[in-house]
Amino acid sequence: QSDSLERIIATAWDEDSQASAWDGPATWLHGDLSEGNLLVKDGRLCGVIDWSCLAAGDPACELMVAWNLFEPEARGAFRAAMAVDAATWMRGRAWGLGMGVLNLSYYRTRSPALALKGRRAIDAVLADRA
C-alpha cells in the first residue's frame, strides 16, 4: 500500500509542479503558514509568527495553507477570496503537497502529532485532485 501511495503522491507532484511558472515579480513570503504560526483573537487572524522561512518568490507558496489548515468548504472560499488563476492554484497545491510530505517524513519519529498534520495535508491535496 505504501508503494502505491508513493506513486500517487509522485504523480500528483509531477502534474501540479508542471503548472506554468510564476512570471511576476518576486513577493515576500512567510514560507510556513500553518496553524502553529497563526495567531487568532476573537475568531480573527491577528498575527503571524516564526518568520524563519522568510524569502521572496512565487506567491503560490503561501497558498499551502489551503491544504494544511482548511477543510474543503473553507478551502473553496479561500480560493475564491484569493482570486488566483488555475496555474497559481496548482503551484500552491504542489507546495501544500511538498510541505505535507516534508512534515510527515521529518516528524514521523520526532512528533507524531505534527507528522499526522503532514499526512492530513497530503490527504487534502489528493482529495482535491480526485
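Reply: Let's start with pLDDT, which is the predictor's confidence in each residue, from 0 to 100. This is a predicted model, where local features need pLDDT of at least 70, side-chain atom pairs count only at pLDDT 80 or more, and totals for chains, interfaces and linings use all residues. Residues are numbered from 1 along each chain as its sequence is written, and side-chain values use heavy atoms, with hydrogens and water left out.

For the protein chain, the mean pLDDT is 94, and 98% of its residues reach 70 or more. Among its elements, strand 1 (residues 27-29) has the highest mean, 97, while helix 1 (residues 2-16) has the lowest, 90. Where pLDDT is low, predicted coordinates should not be read in detail.

Now the build. You'll find five helices and four strands in the protein chain; helices (H or I, at least four residues) and strands (E, at least two) are DSSP runs, numbered from the N terminus. Along the sequence, the pattern goes α-β-β-β-β-α-α-α-α. The protein chain is as compact as a globular protein of its length, because its radius of gyration is 15 Å, close to the 14 Å that the globule rule gives for 130 residues. That radius is taken over C-alpha atoms, and the rule is 2.2 Å times the number of residues to the power 0.38. The C-alpha trace spans about 40 × 35 × 30 Å along its principal axes.

What about contacts, meaning heavy atoms within 4.5 Å? Of those with a separation of 6 or more in the protein chain, 66% are between residues 24 or more positions apart.

Note on methods
Contact = heavy atoms within 4.5 Å.
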